[in-house]
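Welcome! Take a moment to look over the sequence and the model below, and then we can walk through them together.

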Amino acid sequence: MISALTVAAFLFAAPATPEPGAPSQQFPDFAACDANRDGKVTKAEFIAALTTDQKKIGERVFAARDANKDGVLSREEFNPPAPK
Ligand SMILES: [Ca+2]
Ligand SMILES: [Ca+2]
């Protein structure tokens, strides 16, 4: 038998993620990630700027954005032109 309190606790603890794999959940912008203002965002800077939930996919998002695979994101890589 499940008490009302247990149900309430479960609902409260349920993650607020709408759909798994939703592409754009408000990632921080380039300026927010570039902690040392050198015009590039390293993986460490990127991960550090993310929320706890975003950190889970941060490495994959970083890799997907790092078009030339040099381990840092340029401003262009970070904000690619919108596809036509
Ligand atoms: Ca930087
Ligand atoms: Ca790069």
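## Helix 4 and its kink

The bend at a residue is the angle between two axes, one fitted to the seven residues ending there and the other to the seven starting there. Helices here are DSSP runs of H or I with at least four residues, strands are DSSP runs of E with at least two, and both are numbered from the N terminus. With that in hand, look at helix 4, which has a kink of about 55° centred on G58.

How far apart are the end C-alpha atoms of helix 4? They are 19 Å apart, which agrees with the 20 Å that its 14 residues should span at 1.5 Å a residue; the expected span is 1.5 Å times one less than the number of residues. Helix 4 is also hardly covered, as the count of buried residues among its 14 residues is one. A residue is buried if 20 or more other C-beta atoms lie within 10 Å of its own, exposed if 12 or fewer do, and partly exposed in between, with C-beta atoms placed from the backbone.

## About the model

This is a predicted model, in which local features need pLDDT of at least 70 and side-chain atom pairs count only at pLDDT 80 or more, while totals for chains, interfaces and linings use all residues. Residues are numbered from 1 along each chain as its sequence is written, and chains are lettered from A and ligands numbered from 1 in the order in which they are written.

## The whole chain

The protein chain holds five helices and two strands, and from the N terminus on they follow the order α-α-β-α-α-β-α. Of its 84 residues, 10% are buried. Two residues are in contact if their C-beta atoms, placed from the backbone, lie within 7 Å. Among contacts between residues at least 6 apart in sequence, 39% join residues at least 24 apart.

## A buried leucine

L73 lies in strand 2, which covers residues 72–73. Is L73 buried or exposed? It counts as buried because it has 23 C-beta neighbours inside 10 Å.

Leaving aside neighbours within four places in sequence, L73 is in contact with K40, V41, F46, R65, D66 and F78. The C-alpha atoms of L73 and V41 are separated by 4.9 Å, although these residues are 32 apart along the chain.

## Two loop residues with positive phi

R37 sits in the loop between helix 2 (30–33) and strand 1 (41–42). Its phi is positive, about 55°, although R37 is not a glycine. R37 is exposed, since 7 other C-beta atoms lie within 10 Å.

K69 is found in the loop between helix 4 (52–65) and strand 2. Phi of K69 is near 55°, a positive value in a residue other than glycine. With 6 C-beta neighbours inside 10 Å, K69 counts as exposed.
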